[in-house]
Amino acid sequence: MSTVTVAHHEEHHDHPTGIMRWLTTTNHKDIGTMYLTFSLIMFLVGGSMILGIRAELFKPGLQLMNPDFFNQLIGIHALIMIFAALMPAATGFANWMIPLQIGAPDMALPRLNNWGFWLLPPAAILLTLPFTLALFGIGDGALATGWTFYPPLSLQGGIGVDFAIFSVHLLGISSVMGSINIIVTLFNMRAPGMTLMKMPMFAWGWLITAFLLVATIPVLAGAVTMLLTDRHFGTHFFDAAGGGDPILFQHLFWFFGHPEVYILLLPVWGFIPQILQTFSRKPMYGYKAQVYSLWAIGALSVVVWAHHFFTAGMPVPALLYFMYSTMAISLPLAVLFFCWIKTMWRGSMSFETPMLFAVGWIILFGIGGLTGLVLADVAADAQYHNSYFVVAHFHYTLFAGGIMGIMAGVYYWLPKMTGHMYSEKLGKLHFWLTAISFNLTFIPQFFLGLAGMPRRIPDYALQFAEFNMISSIAAFVLGLSQLLFVYNIVSCIKGGKKATDKVWEGAEGLEWTLSSPPPYHSFTDQPVVK
Amino acid sequence: MEDINKSGGSVEEATEAIVISRQKDDKANTRLALKMLWVVAGSLLFAFALVPLYDVFCDLTGLNGKTENSAATLAKAKVDTSRMVTVQFVAAVMPGLGWNFYPKQNAITLHPGQIETVIFEAKNITSEIVAGHAIPSVTPGKASIYLKKIECFCFVNQGLKPGETKEMPLRFFIDPALPKDVKEMTLSYSFFKAVKN
């Protein structure tokens with residue numbers, strides 16, 4: 001204990017305070033906190049954008065906004081939620097928890113870590129600035145192509161496209177830096193005795209995520225750079241008039257875009273089993289099977305990309321290949337589901353908020369996975385492509401599977417990070433409001449999609465009115481419930497019941513051997529794992 | 001708490017030991033980080049390499065429906081009178097080009113090997129001299145390499161004076177090697193404003 005406190009005080013003297021502390025910090029906990037705070041703010045920004053969309057879709061006809069502004073909102077909503085909310089949240093947890101979980105004093109490359117974070121706010125500003133510029137008559141608003149940047153539309157768009165391209169560059173550099181840091185930390189900084197196959201599942205999930213990021217983000221960066229040179233420097237990568245091919249962009253984009261789905265989900269698949277184990281009070285089932293499944297999914301994710309544009313036109317053998325390889329992903333995923341359920345099986349379970357989120361997550365993410373199988377079917381996809389069925393499907397995977405998973409992690413680790421217990425009552429209320437309103441928002445969208453309502457269109461035929469109204473009302477309940485989440489987090493940071501070191505009765509792992517909150521410099525003496 | 005941070009010696013000794021081990025770690029960390037940067041550079045290169053690779057792949061498979069962009073030599077191939085193929089024509093004008101453009105006949109049915117001429121008509125409805133370039137595409141993609149053009153307005157840029165109307169001929173035949181299961185194909189032309197080179 002003495003070493004820790006002394007080291008803490010020593011460092012503190014030459015430590016800047018106030019804003020400079022956060023600008024210059026290389027401490028993994030500070031950086032983790034900044035990532036998580038940034039993510040929460042951007043989650044609210046992206047959420048309010050989509051509430052604007054749902055308000056417009058409340059009734060058929062155009063009431064609140066012109067179609068162009070509608071298009072800008074959907075694209076920026078997606079980019080913010082993916083790159084500025086979900087990915088930073090996962091990176092935030094990685095920064096906070098990976099050193100604690102593997103017994104390292106900090107991340108391997110602390111300075112890089114600081115750069116990685118501080119690229120994010122400028123990127124977020126670049127994404128949203130065109131909205132403000134348009135108010136002053138500069139340009140015609142933000143990216144209006146949807147988050148996928150498909151040419152020829154993106155070749156014709158205004159300055160919003162350029163802003164978004166540069167923003168994607170920054171976001172990409174940031175996450176590549178974060179990933180390199182995580183890979184190096186996991187390979188070089190593990191405590192003695194912690195072999196790779198003894199790493200916590202969260203570390204495994206992130207290791208594979210980091211490899212996927214390092215391999216695929218540069219492809220996206222390359223693709224949007226080609227877009228930029230097509231727009232301004234007379235190249236014709238995607239311009240058919242000059243001999244290019246717009247479909248090539250779809251290949252490049254989804255070569256990154258499909259692994260991206262697993263980049264968003266693998267960290268969550270890492271810590272959810274840890275939560276299930278904690279609140280079932282028994283060891284994780286099938287650790288090895290889970291690790292191998294994560295690898296299998298990571299590997300398969302880079303060879304299935306074309307299922308995102310089956311309808312763009314492909315020879316039948318290619319269609320069949322992409323259909324079967326996509327469906328093959330469900331096999332390792334089924335192994336994971338089985339392990340998650342078996343971890344809970346006959347455990348002495350209790351349902352604190354993190355566990356509620358984790359169990360709800362399994363069910364809702366399961367729905368997302370199963371509807372994905374429907375979309376992977378080439379014959380069915382021709383009907384469902386670009387419909388609200390797709391929208392509902394990927395919100396089951398990315399809101400339920402991604403964000404609700406992250407929320408489980410927030411409630412699970414918040415007492416460890418702040419040293420205070422959050423309000424269990426508000427947490428449970430937040431879960432039930434979120435789970436119910438989420439389903440009420442997106443179940444109608446499955447039916448809307450099956451009935452033929454296209455996505456990304458601000459107006460719709462009259463027969464879709466009732467389901468859209470239900471969906472919009474539920475979306476507002478879902479959005480407003482998140483204020484409870486924010487309130488709960490803020491009041492937990494400010495104070496509350498003291499958290500014990502172990503926090504949860506069944507918690508296991510090195511992070512729970514430290515005090516709550518952990519000292520500014522933890523593990524100055526390396527722990528040994530037996 | 002105690003078992004993690006049990007340290008025998010003084011604080012100074014412990015700190016010094018940490019500093020030394022830190023320096024050793026830092027080197028290994030930098031090495032691994034640089035290796036990872038090579039991976040990043042490799043995948044960036046891969047993204048750009050995909051552009052020519054995609055073209056080669058499409059040339060071989062006809063995946064993207066592009067036809068050959070130069071005149072085919074007049075084949076001595078025999079006309080395959082045992083079957084008929086229908087070729088449908090689609091014409092489109094892309095944004096930025098103020099033209100009307102359509103085929104004079106919507107479809108033609110012919111024997112593989114038989115040479116036919118189809119006329120497309122284009123009219124410049126603006127008050128400026130404009131050059132356009134037609135980009136062909138064939139569906140299904142696998143049929144695209146069997147559609148052989150002897151003469152086509154799509155080989156070069158086409159200029160039109162204000163209000164001018166021009167008949168644009170396409171002379172082509174279907175390679176008799178066309179797979180038997182293809183009985184119908186669509187040839188589409190999109191007229192783009194010509195790109196300045």
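## Chain B

Chain B contains one helix and nine strands, where helices are DSSP runs of H or I with at least four residues, strands are runs of E with at least two, and both are numbered from the N terminus. The order along the sequence of chain B is α-β-β-β-β-β-β-β-β-β. This is a predicted model, in which local features need pLDDT of at least 70 and side-chain atom pairs count only at pLDDT 80 or more, while totals for chains, interfaces and linings use all residues. Residues are numbered from 1 along each chain as its sequence is written, and chains are lettered from A and ligands numbered from 1 in the order in which they are written.

Of the 197 residues in chain B, 25% count as buried (20 or more other C-beta atoms within 10 Å of the residue's own; exposed means 12 or fewer and partly exposed in between, with C-beta atoms placed from the backbone). Among the contacts in chain B with a separation of 6 or more, 77% come from residues 24 or more positions apart; a contact requires C-beta atoms, placed from the backbone, within 7 Å.

## Helix α8 of chain A

Helix α8 of chain A covers residues 159-188, and at 1.5 Å a residue its 30 residues should span 44 Å, which agrees with the 44 Å between its end C-alpha atoms. The expected span is 1.5 Å times one less than the number of residues. Most of α8(A) is covered, with 22 of its 30 residues buried.

Leu186(A) lies in this helix. Leu186(A) counts as buried because it has 23 C-beta neighbours inside 10 Å. Leaving aside residues up to four places away in sequence, Leu186(A) touches Ile98(A), Ile102(A), Ala203(A) and Leu207(A). Between Leu186(A) and Thr24(A) the separation is 162 residues in sequence and 24 Å in space, C-alpha to C-alpha.

## Packing of α13 and α14 in chain A

In chain A, the axes of helix α13 (residues 330-344) and helix α14 (residues 353-376) come within 12 Å and cross at roughly 165 degrees. That angle makes α13(A) roughly antiparallel to α14(A), a label for angles over 145 degrees. Axes are lines fitted to C-alpha atoms over the stretch in contact, and angles run from 0 to 180 degrees between N-to-C directions.

The crossing of α13(A) and α14(A) is left-handed, meaning that the near helix is turned anticlockwise from the far one by less than a right angle. On the α13(A) side the contact is made by Ser330(A), Leu333(A), Phe337(A) and Trp340(A), and on the α14(A) side by Ile362(A), Gly366(A), Gly369(A) and Leu373(A). By class, this contact has five nonpolar, three polar and no charged residues (Ala, Val, Leu, Ile, Met, Phe, Trp, Tyr, Cys and Pro are nonpolar, Asp, Glu, Lys and Arg charged, and the others, Gly among them, polar).

## Backbone exceptions

Most residues other than glycine have a negative phi, and most peptide bonds are trans. Phe149(A), not a glycine, has a positive phi of about 60 degrees and is found in the loop between α6 (120-135) and α7 (153-156) of chain A. Phe149(A) counts as buried because 25 C-beta neighbours lie inside 10 Å. Asn386(A), also not a glycine, has a positive phi of about 60 degrees; its loop is between α15 (378-384) and α16 (388-418) of chain A. With 15 C-beta neighbours inside 10 Å, Asn386(A) counts as partly exposed.

Ser516(A) and Pro517(A) are joined by a cis peptide bond with omega of about -10 degrees. Pro517(A) is in the segment after α18 (465-494) of chain A. A cis peptide bond also joins Thr139(B) and Pro140(B), with omega of about -5 degrees. Pro140(B) is in the loop between β5 (130-139) and β6 (147-152) of chain B.

Terms used
Parallel < 35°, antiparallel > 145°, perpendicular 65-115°, else oblique. Contact = placed C-beta atoms within 7 Å.
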